[in-house]
Amino acid sequence: MADSQNLETVLEEHREFTPSRHFTAGARLNDLDDYDKKYALSLSDPERFWGEVASELHWFKKWDQVLDDSEAPFFKWFKGGKTNISYNCLDRHLDGPNRNKAAIIWEGEPGDRRVMTYWDLAREVQKFANAMKKLGIQRGDRVAVYLPMI
């Protein structure tokens with residue numbers, strides 16, 4: 001049997017890594033009560049819970065019904081609503097204080113690093129969208145991208 005600091009197999013790990021006092025002091029432990037309340041609500045009233053969560057997103061048209069289970073098992077969520085995931089992830093941040101904040105922080109194996117703000121990311125997305133248009137891709141076309149492990 002290996003001692004507590006050495007691994008005998010990668011399939012089993014029993015070491016514990018206690019966070020530093022500095023890290024623990026900055027942790028948001030007060031949010032645990034809020035988490036417990038939200039978790040309880042998600043179990044007792046899932047429609048209200050998911051309605052509240054979805055309200056944090058931008059909707060071009062708010063839904064008429066959070067959950068339509070009339071054709072179970074073919075459930076329909078946020079029936080009548082209209083949103084756009086790309087807008088929620090990127091565009092809504094461009095006109096406010098997040099515009100110049102980090103949207104992506106990337107670190108490579110050899111230590112190289114790149115930080116892209118929401119504005120930087122929007123410019124790159126626009127360049128890529130224009131490249132796809134040049135290839136003849138139009139609204140409604142489906143595009144798949146394969147990314148190997150990088």
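**Surface patch, hairpin and salt bridges**

Trp77 is partly exposed, with a relative accessible area of 43%, where partly exposed denotes the range between buried, under 20% relative accessible area, and exposed, over 50% (1.4 Å probe, protein chains only). The model is a predicted one, in which local features need pLDDT of at least 70 and side-chain atom pairs count only at pLDDT 80 or more, while totals for chains, interfaces and linings use all residues. Residues are numbered from 1 along each chain as its sequence is written, and side-chain values use heavy atoms, with hydrogens and water left out.

Trp77 lies in strand S2 (residues 76–79), strands being DSSP runs of E of at least two residues and helices runs of H or I of at least four, both numbered from the N terminus. Together with Trp50, Val53 and Phe75, Trp77 makes a nonpolar surface patch of about 400 Å². Such patches are made of residues with over 30% relative accessible area and no salt bridge, nonpolar side chains (Val, Leu, Ile, Met, Phe, Trp, Tyr) being joined within 5 Å and like charges within 9 Å; the accessible areas come from the Shrake-Rupley method with a 1.4 Å probe, and for residues only the protein chains shown count as cover.

Strands S3 (residues 102–107) and S4 (residues 113–117) run antiparallel and are joined by five bridges, pairing being assigned if DSSP finds at least two bridges between two strands. Ala102 has Thr117 of S4 as its bridge partner. The two strands, S3 and S4, form a hairpin with five residues between them, and in the turn Gly111 has a positive phi of about 105°.

The structure holds eight salt bridges, each defined as a side-chain nitrogen of Lys or Arg within 4 Å of a carboxyl oxygen of Asp or Glu. One of them links Arg48 to Glu52, with the closest N and O atoms 3.0 Å apart; both residues lie in helix H3 (residues 46–54), four residues apart, about one turn of the helix. Arg48 is partly exposed at 48% relative accessible area, and Glu52 is likewise partly exposed at 39%.

In helix H5 (residues 118–134), Glu124 and Lys127 are three residues apart, again about one turn of the helix, and their side chains meet in a salt bridge (3.5 Å, N to O). Here Glu124 is partly exposed, at 32%, whereas Lys127 is exposed, at 52%. A further salt bridge joins Lys76 to Glu71, the closest N and O atoms being 3.6 Å apart; Lys76 is partly exposed at 37%, as is Glu71 at 43%.
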